[in-house]
There are 2 protein chains.
Amino acid sequence: MTTATLIPMFAALGDETRWSILATLGEGDASASALAGRLPVSRQAIAKHLVVLREVGLVEPVRVGREVQFRVIGSQLSDTARRLDAIGAEWDRRLSAIKKIAEGF
Amino acid sequence: MTTATLIPMFAALGDETRWSILATLGEGDASASALAGRLPVSRQAIAKHLVVLREVGLVEPVRVGREVQFRVIGSQLSDTARRLDAIGAEWDRRLSAIKKIAEGF
DNA sequence: TCTTTGTGCAACTATTGAGTTGCACAAACT
DNA sequence: AGTTTGTGCAACTCAATAGTTGCACAAAGA
């Protein structure tokens, strides 16, 4: 995962319906139709969300017979978290450096 | 930070201009006008982004004379990262549990 | 006081994105 | 064969948001 994909990743995670989809997939792989049966949105709406989730690598399609099931890639969340934490730590480092300067050290 | 604020946080982080603002603020606190002088968008556009960033707690306003400077709260990024990592780890835990079952253990 | 400069508010445009319905097609099942 | 079921594609609506311009106002500095 490169820096260029970090912002789309956050954009993907910034939608409530997509979290519902991820949560439902967490209980087991499911197709768009199956998800539509358990969530209050149409199958096509879910299909679009799955495209978004797939583009950022949060979800992976698996053909099972004639249906396409989706599976969550949990490690992508961990990777994103690590990168976000690194950025946050860098900001803290800068702030403490500025503080030190301000305090005369 | 509660769960209810997690999705708006990601939505806030899902915009490129807002990352430009955060990056610029990382070089030092700055006002909306100062930011507009360094970024290719109008002051009002930046002001709107600052409202969004402020609402999710990523940025904090500080009055300096008559101008309002903004400062990044790096720890908010770290907190968000920790929570995201916890979710990712949970997914991995489930997957490995499922694998164990599938493998007969 | 007059001028400058930073903010704030309002109105407006344009684009994106979430959601829908409808139709077509292919793969299973009877 | 015919029927069912899951997918895919297209067009459309609607709401949210990123962006703009314009104006008004308050606070510093000349």
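Which element gives the most to the surface near DNA strand C? In this predicted model, that element is helix 4 of chain A, with four residues. A total of 19 residues lie around DNA strand C, and those that come nearest are A:Ser42, A:Arg66, B:Ser31, B:Ser33 and B:Glu67. Besides helix 4 of chain A, two or more residues are given by each of three elements of chain B, namely helix 3 (32–38), helix 4 and strand 3 (67–72). By residue class, the surface near DNA strand C consists of five nonpolar, eight polar and six charged residues.

DNA strand D is surrounded by 20 residues, the closest being A:Ser31, A:Ser33, A:Glu67, B:Ser42 and B:Ala45. Six nonpolar, eight polar and six charged residues make up the surface near DNA strand D.

The same surface serves both copies, as 100% of the contact residues of chain A recur in chain B.

Contacts between the chains involve 25 residues of chain A and 25 residues of chain B. On the side of chain A that touches chain B, at least two residues come from each of helix 1 (6–13), helix 2 (16–26) and helix 5 (74–102). Helix 5 of chain A gives the most to this side, with 16 residues. The residues on this side of chain A divide into 13 nonpolar, seven polar and five charged.

The largest nonpolar core has 41 residues. Those that touch the most other members are Leu53, Leu58 and Val59 of chain A together with Leu53, Leu58 and Val59 of chain B. In soluble globular proteins, nonpolar side chains tend to be buried together. When neighbours within four places in sequence are left aside, B:Val59 is in contact with B:Leu25, B:Leu50, B:Leu53, B:Arg54, B:Phe70, B:Arg71, B:Val72 and B:Ile73.

Note on methods
Residues numbered from 1 in each chain as written. Chains lettered and ligands numbered in written order. Predicted model: local features only at pLDDT ≥ 70, side-chain atom pairs only at ≥ 80, totals over all residues. Near = placed C-beta within 6 Å. Nonpolar A, V, L, I, M, F, W, Y, C, P; charged D, E, K, R; others polar. Contact = placed C-beta atoms within 7 Å. Core = buried A, V, L, I, M, F, W, Y, C linked by C-beta atoms within 7 Å. Buried ≥ 20, exposed ≤ 12 C-beta atoms within 10 Å, placed from the backbone.
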